[in-house]
Each structure stands twice: as C-alpha cells, then as structure tokens.
Amino acid sequence: MESIRSLLAPDGRLREDVERVHPQWEGRIFSVETLDVRLPDGGRGVREIVRHHGGAGVCAVENGRICLVRQWRVALGEMTLEIPAGKLEEGEDPAVCAARELTEETGLIADGLELIAYSAGAPGFTNEATRIFRATGLRRGSSHPDEGEFVDVVWLPVPDVVEAIAQGLIKDAKTIVATLDAARRLNIT
C-alpha cells in the first residue's frame, strides 16, 4: 500500500493550478464552471468542470444474489441494472443517503452499512463521486420511490452479474465496483 500511496502524493511535475474560476451554469443537481489553469510546464489551459454533491449506493447481497434496480436511463437511452443509489443532498451523510435510497427503491432496510469504496466515475471533468456501502442485516419493508422514479427490483446471482459486466451489459461504475466486492467476499473469481 505504501507504494500506491507514494504514487498518489502531490507531484509538481504533473500538477495543474487553478488561477481563475468562471461559473457557467447552476442547476438543481449540478453546476458547470470553466477553470483557467496553469500547466506544469508554465503554459495555460482551460478545464470544463461539472460540480456535483455526489451520491451513495448500496450493495445488498442475500444467498449469493445481489439486489439491483432495473430502470430506463434517458442519458444513455437504454435500460440499466444498478445497485440502489441516489444523490446526496448538500452536506448529507452518505450513509444516511444510502439507507434512504435502499428503502425508497427496494423496500429493504439494512441493520448496518459498511463503506466499501469511494468511486469517482469521471474524474476528468467532474468531482461527482459515489460512496458505496455493503448492507448487513437486511429486512423487508415497503418501497416508496421518489415521484417520477420508476424502477423494478431484481435479485440476480452474483456470478451472472460478474459475467454481464464482462460482456458489457452492465456499465454502471458503482454497480461494477459493488459487484466485484461481492464476488470477492463470496470467493467468486
């Protein structure tokens, strides 16, 4: 781990310094800004950045099956299979968000949540990151998706989901991370 930590330490030979921020657009979920940056060689550049509060997702596994939600994603123009997840409200504790989304989307209630990963899906242009939790002590409750949110809950064998990822059928980064963690815990290779 020390060798990896050393690779992630600040390095002036690669660092870009922000000289000026230009807000471009402010929405309900995210904002956009352009940044004037000083490049490592002294030159100047412009970066377009999406700012987002982030999200939280939950990996719920029972009897070798992972709980996923099936939904239409208009940005992709296709159906997806994803772990239950949602966006953080400003300043919200990610574990609180994860528990809320798990129940809203699936009706499941977790006795405990363990942080398993922090996933930055597209660090080249956004600060959006998702905290991914593993649910323990699952109980059944009632789902109540947000207004305008339409999802189906499915339970799939973890090896099938791993294969679907390998075949490019499941593309969602948080779901890939959660599934690989579940496979590791279940000793599935």
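**Helix packing and the open sheet**

Colleague: Is the crossing of H3 past H4 left-handed or right-handed?

Modeller: The model is predicted: local features need pLDDT of at least 70, side-chain atom pairs count only at pLDDT 80 or more, and totals for chains, interfaces and linings use all residues. Residues are numbered from 1 along each chain as its sequence is written; side-chain values use heavy atoms, without hydrogens and water. Helices (DSSP H or I, at least four residues) and strands (E, at least two) are numbered from the N terminus. With the near helix turned anticlockwise from the far one by less than a right angle, H3 passes H4 in a crossing that is left-handed.

Colleague: At what angle do the axes of H3 and H4 cross?

Modeller: H3 spans residues 158–166, and H4 spans 173–185. Their axes (lines fitted to C-alpha atoms over the stretch in contact, angles 0 to 180 degrees between N-to-C directions) come within 10 Å and cross at roughly 135 degrees.

Colleague: Which residues of H4 make the contact with H3?

Modeller: Contact means heavy atoms within 4.5 Å. H3 brings Val158, Val161, Val162 and Ile165. H4 answers with Ile176, Thr179, Ala182 and Ala183.

Colleague: Why is one side of E8 and of E9 left without a neighbour in the sheet?

Modeller: The open sheet runs E8-E4-E10-E9, with mixed pairing; strands pair at two or more DSSP bridges. E8 (85–87) and E9 (108–120) stand at the edges, so each has a single partner strand.

Colleague: What is the bridge partner of Leu115 in E10?

Modeller: E9 and E10 (129–140) run antiparallel, joined by 11 bridges. In E10, Leu115 is bridged to Phe133.
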